[in-house]
Amino acid sequence: MTTTNNTPRFRIQYRKNCGLDPEMITIENAAIVGRYSSADHHNEGFKIWAPCRKSSGDSGYRNLNYYGIVSIEIETGR
């Protein structure tokens, strides 16, 4: 997925472990690029690209389970 300047960006607050983790993380400037699912574990959620997580060994893509999402706020739009 290629993101552009016109791709909406979001601030996402998320709890790992299907929302059970007590620590909440905030991912800023994230682009929602699709969804993922796993038939083996009945797991579904958003696939996002987070430039703040990108490094030489990390593409910056993350899978966020729907149950772990606390809030999504739009940061920029078209």
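**View 1. Strands E1 and E5 of the predicted model pair in antiparallel fashion through six bridges.** Strands, like helices, are DSSP runs numbered from the N terminus, with at least two residues (E) for a strand and at least four (H or I) for a helix, and two strands are taken as paired if DSSP finds at least two bridges between them. Within this pairing, Gln-13 has Ser-71 of E5 standing opposite. The model is a predicted one, in which local features need pLDDT of at least 70 and side-chain atom pairs count only at pLDDT 80 or more, whereas totals for chains, interfaces and linings use all residues. Residues are numbered from 1 along each chain as its sequence is written, and side-chain values use heavy atoms, with hydrogens and water left out.

**View 2. The open sheet is built from five strands in the order E4-E3-E2-E1-E5, with antiparallel pairing.** Strand E4 (61–65) and strand E5 (69–76) each have a single partner strand and stand at the edges, so one side of each is left without a neighbour in the sheet. From one strand to the next the twist averages 50°, where axes are lines fitted to C-alpha atoms (for helices, over the stretch in contact) and angles run from 0 to 180 degrees between N-to-C directions. In terms of pLDDT, the predictor's confidence in each residue on a scale from 0 to 100, the protein chain has a mean of 88, and 91% of its residues reach 70 or more. Confidence is highest in strand E1 (residues 9–15), at 95, and lowest in E5, at a mean of 92.

**View 3. Strand E1 is joined to strand E2 (residues 24–38) by five bridges, and the two run antiparallel.** Along this pairing, Phe-10 has Ala-30 of E2 as its bridge partner, while the bridge partner of Tyr-14 in E2 is Ile-25.

**View 4. E2 and E3 form a hairpin with four residues between them.** The two strands run antiparallel and are joined by seven bridges; in the turn, His-42 has a positive phi of about 50°. Ser-37 stands opposite Glu-44 in E3, and Glu-44 also forms a salt bridge with Arg-35, the closest N and O atoms being 2.7 Å apart. A salt bridge here requires a side-chain nitrogen of Lys or Arg within 4 Å of a carboxyl oxygen of Asp or Glu. Both members of the pair are partly exposed, Glu-44 with a relative accessible area of 40% and Arg-35 at 49% relative accessibility; the classes are buried under 20%, exposed over 50% and partly exposed in between, for a 1.4 Å probe and protein chains only.

**View 5. Strand E3 (residues 43–49) and E4 run antiparallel and are joined by five bridges.** Here Gly-45 has Asn-65 in E4 as its bridge partner.

**View 6. Arg-11 takes part in salt bridges with Glu-28 and with Glu-75.** The contact between the side chains of Arg-11 and Glu-28 is 3.5 Å, N to O, and with Glu-28 in strand E2 and Arg-11 in strand E1, the pair ties together parts that are 17 residues apart in sequence. The side chains of Arg-11 and Glu-75 meet at 3.2 Å, N to O, a pair that links distant parts of the chain, since Arg-11 lies in strand E1 and Glu-75 in strand E5, 64 residues apart. Arg-11 is partly exposed at 29% relative accessibility, as are Glu-28, with a relative accessible area of 41%, and Glu-75, with 28%. A search of the whole structure finds five salt bridges, and those that share partners join Arg-11, Glu-28, Glu-73 and Glu-75 into one network.

**View 7. The largest nonpolar core has 10 residues, namely Phe-10, Ile-12, Tyr-14, Ile-25, Ile-27, Ala-30, Ile-48, Ala-50, Leu-64 and Ile-69.** E1 and E2 each supply at least two residues of this core, which is defined as a set of buried Ala, Val, Leu, Ile, Met, Phe, Trp, Tyr and Cys residues joined through side-chain atoms within 4.5 Å. With residues up to four places away in sequence not counted, Phe-10 touches Ile-27, Glu-28, Asn-29, Ala-30, Ile-32, Ile-72, Glu-73, Ile-74 and Glu-75, contact meaning heavy atoms within 4.5 Å.
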